[in-house]
Amino acid sequence: MWPTIIVGSIVAIIFVAIIVNEIKKKKSGKGGCSCGGNCGACGMNCPSKQQK
């Protein structure tokens, strides 16, 4: 029973950390688009592409 609780807690902590990281990136204006820094070749409608 304890191993299940420990593994579940670790998975939950990782999930929450990912969500918090994405919220921080969105608030700072970075967004979730990852075109490798080459926004000219990216087909996505990224906020950083719209600013340029």
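How many helices and strands are in the protein chain? The chain has two helices and zero strands. Here, helices (H or I, at least four residues) and strands (E, at least two) are DSSP runs, numbered from the N terminus. The model is predicted: local features need pLDDT of at least 70, side-chain atom pairs count only at pLDDT 80 or more, and totals for chains, interfaces and linings use all residues. Residues are numbered from 1 along each chain as its sequence is written, and side-chain values use heavy atoms, with hydrogens and water left out.

Helix α1 covers residues 2–27. It has 26 residues. From its first C-alpha to its last, α1 reaches 37 Å, close to the 38 Å expected at 1.5 Å a residue. That expected span is 1.5 Å times one less than the number of residues. Gly-29 follows α1, and its phi is positive, near 90°.

Of the 52 residues in the protein chain, 8% are buried. Buried means under 20% relative accessible area, exposed over 50%, and partly exposed in between (1.4 Å probe, protein chains only). The accessible surface of the chain is about 4,500 Å². Carbon and sulfur atoms account for 67% of that surface. Areas come from the Shrake-Rupley method with a 1.4 Å probe; for residues, only the protein chains shown count as cover.

A nonpolar patch lies on the surface. Its members are Met-1, Trp-2, Ile-5, Ile-6, Ile-10, Ile-14 and Ile-18, with about 790 Å² of accessible area together. Patch residues have over 30% relative accessible area and no salt bridge; like charges are joined within 9 Å, and nonpolar side chains (Val, Leu, Ile, Met, Phe, Trp, Tyr) within 5 Å. Ile-6 sits in α1. Its relative accessible area is 48%, so Ile-6 is partly exposed.

The model holds one salt bridge (a side-chain nitrogen of Lys or Arg within 4 Å of a carboxyl oxygen of Asp or Glu). It joins the side chains of Lys-25 and Glu-22, at 3.4 Å from N to O. The two residues are three apart in α1, so about one helical turn separates them. Lys-25 is partly exposed at 27% relative accessibility. Glu-22 is partly exposed at 35%.
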